[in-house]
Amino acid sequence: MKSSSNKLLGYKQLLSDIRSLLDKNLGRAYQAVDNIRVQTYWQMGERIVREELKHQNRAVYAKQIIQKLSYDFGFSRRLMFEVVEFYKTYPIVHAVRAQLSWTHYGVLIRLKDKEQRLFYEVQILKNKWSYRELENRIRQEEYQKAKKAGKLDFTLPKQLLEPQEVFKDTYDWDFLSLEEDYSEHDLEAALIDDIRKTLLEFGYGFCFMGQQIKLLIAGRYHTIDLLFYHRDLQCVVIIDLKTERFKDAHVGQMNTYLNYFREKDKLSWERDPIGLIICKEKDDEEVHYALGKLKEDIFVAEYKTKLPSEREIQKQLRARR
């Protein structure tokens with residue numbers, strides 16, 4: 001099978017593309033399945049409780065139907081009791097948050113205090129806690145400590161943007177004053193000299209952190225042109241400036257920077273760092289194959305600058321004589 005598949009025209013690229021799609025979307029699929037499970041368990045709990053209410057005069061009825069349903073559906077009795085408790089804890093379906101998994105809710109329903117439960121819901125969303133981390137924080141009495149310190153926070157985080165919504169395909173830098181034969185250093189300096197307009201062109205959320213950042217890797221220094229932080233993406237954005245056409249070698253260089261920051265600099269609550277290569281020009285097909293599976297981590301754009309007028313060129317030539 002392996003030898004015959006290699007002979008199929010275009011199969012290797014097809015295989016790579018399908019694998020990339022699976023890597024990208026399976027996580028979303030699992031989350032979608034878990035959301036359906038949460039909704040289904042809520043509906044099950046509502047239906048069971050509704051049946052219980054019809055037989056309130058029979059004290060053992062609730063336990064009997066749980067036992068019977070567990071047997072008929074092959075569910076554990078513990079799960080069935082949790083399903084019922086889930087509905088009783090969250091009787092309004094709109095209070096059930098899509099971002100939380102069933103394992104999160106399995107922990108939250110053990111908390112009988114509504115304020116305490118809400119506190120941990122918000123912390124899960126803000127800090128992306130797993131259910132194990134949630135259990136650990138409850139054991140450490142984080143809610144009680146925050147309440148005692150007067151630092152209870154119930155403000156829900158703003159929905160994070162996707163990187164594709166942030167980065168442009170072309171940046172218009174016509175506000176820059178550059179010589180005809182400018183270098184990458186000249187381009188970088190001009191952007192920093194007019195940082196206000198630079199930030200406006202990048203868009204809302206970009207915060208300037210520094211330039212010419214040195215990284216010591218294997219005894220050799222590497223230099224990052226520009227370093228930004230994006231408030232909405234909640235991650236570091238590394239920018240590499242190129243006054244030439246895009247080359248696939250640019251990707252390897254940027255990937256080195258990203259791996260370094262991911263391991264050495266990233267905070268626990270932050271998104272993975274993102275790289276932005278800004279070139280004088282690019283070809284979309286070349287970029288596509290150069291990035292491969294790195295399309296979510298590295299973005300490539302081109303920039304446009306204002307060309308000097310004929311009078312300005314003549315003036316510069318006279319000044320050089």
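Is Cys235 buried or exposed, and what is its relative accessible area? In this predicted model, Cys235 is buried, with a relative accessible area of 0%, whereas Cys207 is partly exposed, at a relative accessible area of 30%. The number of disulfides in the structure comes to 0, a count that rests on the requirement that a pair of cysteine sulfur atoms lie within 2.5 Å.

Aromatic contacts were examined next. The structure contains 20 aromatic pairs. In the pair formed by Phe86 and Tyr105, the ring centres are 5.0 Å apart and the ring planes meet at 50°, so the pair is classed as tilted, given that planes under 30 degrees apart count as stacked and those over 60 as edge-to-face. Phe86 belongs to helix H4, which spans residues 77-89, and Tyr105 belongs to helix H5, which spans residues 102-108, so that the pair ties together parts lying 19 residues apart in sequence.

A contact between a charge and an aromatic ring involves Arg117, which lies over the face of Tyr90 at 5.6 Å from the ring centre.

Conventions. Residues numbered from 1 in each chain as written. Predicted model: local features only at pLDDT ≥ 70, side-chain atom pairs only at ≥ 80, totals over all residues. Heavy atoms only, no water. Buried < 20%, exposed > 50% of the residue type's maximum accessible area, 1.4 Å probe, protein only. Phe/Tyr/Trp six-rings, centres within 6.5 Å; stacked < 30°, edge-to-face > 60°. Helix = DSSP H or I, 4+ residues; strand = E, 2+ residues; numbered from the N terminus. Lys NZ or Arg CZ within 6 Å of the ring centre and 35° of its normal.
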